[in-house]
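Thanks for coming. I will take one structure and walk through the annotated positions and the side chains around them.

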Amino acid sequence: MAIFKGSGVAIVTPFKEDGSIDYDKLDELIDYHCENGTDSIIICGTTGESATMTEEEHMDCVKFAIERTRKRIPVVAGTGSNCTRTAIDMSKEAAENGADGLLVVTPYYNKATQEGLIAHFTAVAKEAKAPIIMYSVASRTGCNIEPATVAALVKNVDNIVGVKEASGNISQIAKIMSMTDGNIDLYSGNDDQIVPLLSLGGIGVISVLANVAPKETHDICAKFFEGDIEGSAKLQLKAVPLIDRLFCEVNPIPVKRAMKFMGMDCGPLRMPLTELTAEHEQSLAQAMKDFGIQLV
């Protein structure tokens, strides 16, 4: 059984002005998503600025999300690292604290060969007793998971169950589904490609868009699953201009500003990320209005 089906929000991490994690605001965001159609919380991923957290902060944040979600929807914990031992330790702790699944990104900066990726993911899966979604996003990590590697891991390691595919390469994604005979939980890692991935057998999205449009992101998936392909595609295409603006600067800079426009101020970004430029603020606000999001 899949960890979740539909729209999983790659939730932002709210910070106070002093840079500490704002747990009261995170609690509000978790309730907001549980009440507005989001199908899963993905905590401490790229959008959650996990790269700027200490390991202690990271795991405290994961534990808080699991406790506060109270099993209303599944919680997937981002526990990847470019150090295999660190990824193992964080994955084990998240699983022991009750995470429904783990999102494990490919090693970044030091990268790895395909053989190294197999060794890395196998080692994490062996010690972490929870379903694992591999995260392939070479634009961030410089390290792509090739289709044959994905297939080998899914076929040979019981608790490696899925992949978040953010390569943008539809041909690669089709090969993954072909080489696994569709026996993999495929999630889109790109909000503008949800419907194309669902058409190849995908079961959902791990979404930045869902931070500001949770119901609509859920509906793109739900309509597709119900057989309303036209309705799903219509929503997908309507969202494209907003998605484009949500990535006008490096994620999560724009989405945090978008949430502030909605009256859901999640505080500052942690350096080296900086606030959205005035030029991009205007175009982001307009795209949100055009999509039908009310600004305050």
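I start with a definition: a charge sits over a ring if NZ of Lys or CZ of Arg is within 6 Å of the ring centre and within 35 degrees of the ring normal. By that rule, Arg257 lies over the face of Phe261, at 4.1 Å from the ring centre. Lys238 lies over the face of Phe291 as well, here at 5.2 Å from the ring centre.

Some ground rules. This is a predicted model, in which local features need pLDDT of at least 70, side-chain atom pairs count only at pLDDT 80 or more, and totals for chains, interfaces and linings use all residues. Numbering runs from 1 along each chain as its sequence is written, and side-chain values use heavy atoms, with hydrogens and water left out.

Now the active site. Which residues does UniProt give for it? The record, an unreviewed entry, places "active site" at Tyr135 and Lys164. UniProt positions are in the numbering used here, feature names are shortened, and annotations may be inferred rather than shown by experiment. The two residues span 30 residues in sequence, yet no two of their C-alpha atoms are more than 4.7 Å apart, so they gather at one spot. Both Tyr135 and Lys164 are in the lining of the largest pocket. On a 1 Å grid over the protein atoms alone, a pocket is an open set of points where a 1.4 Å probe fits, with protein on both sides within 12 Å along at least five of seven lines; lining residues have an atom within 4 Å of a point.

Tyr135 belongs to strand 5 (residues 132-136), and Lys164 to strand 6 (residues 160-165). Helices (H or I, at least four residues) and strands (E, at least two) are DSSP runs, numbered from the N terminus. Tyr135 is buried, at a relative accessible area of 8%, and Lys164 is buried at 6%. Buried means under 20% relative accessible area, exposed over 50%, and partly exposed in between, with a 1.4 Å probe and protein chains only.

For contacts, the test is heavy atoms within 4.5 Å. Setting aside residues up to four places away in sequence, Tyr135 touches Lys164, and its other contacts include Thr46, Leu103 and Ala166. On the same terms, the contacts of Lys164 include Tyr187, Ser188, Gly189 and Ile206.

Thr47 sits in the loop between strand 2 (40-43) and helix 2 (55-69) and is buried, at 4%. Beyond its neighbours within four places in sequence, Thr47 contacts residues including Ala10, Val208, Asn211 and Pro252.

Ile206 is in strand 8 (residues 204-207) and is buried, at 3%. Which way do the residues of strand 8 point? Gly204 and Ile206 point one way, Val205 and Ser207 the other, and all are buried. Strand 8 runs parallel to strand 1, joined by 4 bridges, and pairs with strand 7 in the parallel sense over 2 bridges. Pairing here requires that DSSP finds at least two bridges between the strands. Gly8 has Ile206 as its bridge partner, and Ser188 stands opposite Val205. Among the contacts of Ile206, again leaving out residues up to four places away, are Phe4, Lys164 and Tyr187.

Phe4 and Tyr187 form a stacked pair, 4.5 Å centre to centre with 25 degrees between the planes. Rings of Phe, Tyr and Trp (its six-membered ring) pair if their centres lie within 6.5 Å; planes under 30 degrees apart count as stacked, over 60 as edge-to-face and the rest as tilted. Phe4 is in the segment before strand 1 (6-10) and Tyr187 in strand 7 (residues 185-188), 183 residues apart. Phe4 is buried at 4%, and Tyr187 is buried at 0%.

Tyr23 and Phe64 make a tilted pair, with centres 4.9 Å apart and planes at 50 degrees. Tyr23 is in helix 1 (residues 23-35) and Phe64 in helix 2, 41 residues apart. Tyr23 is partly exposed at 25%, whereas Phe64 is buried at 17%.
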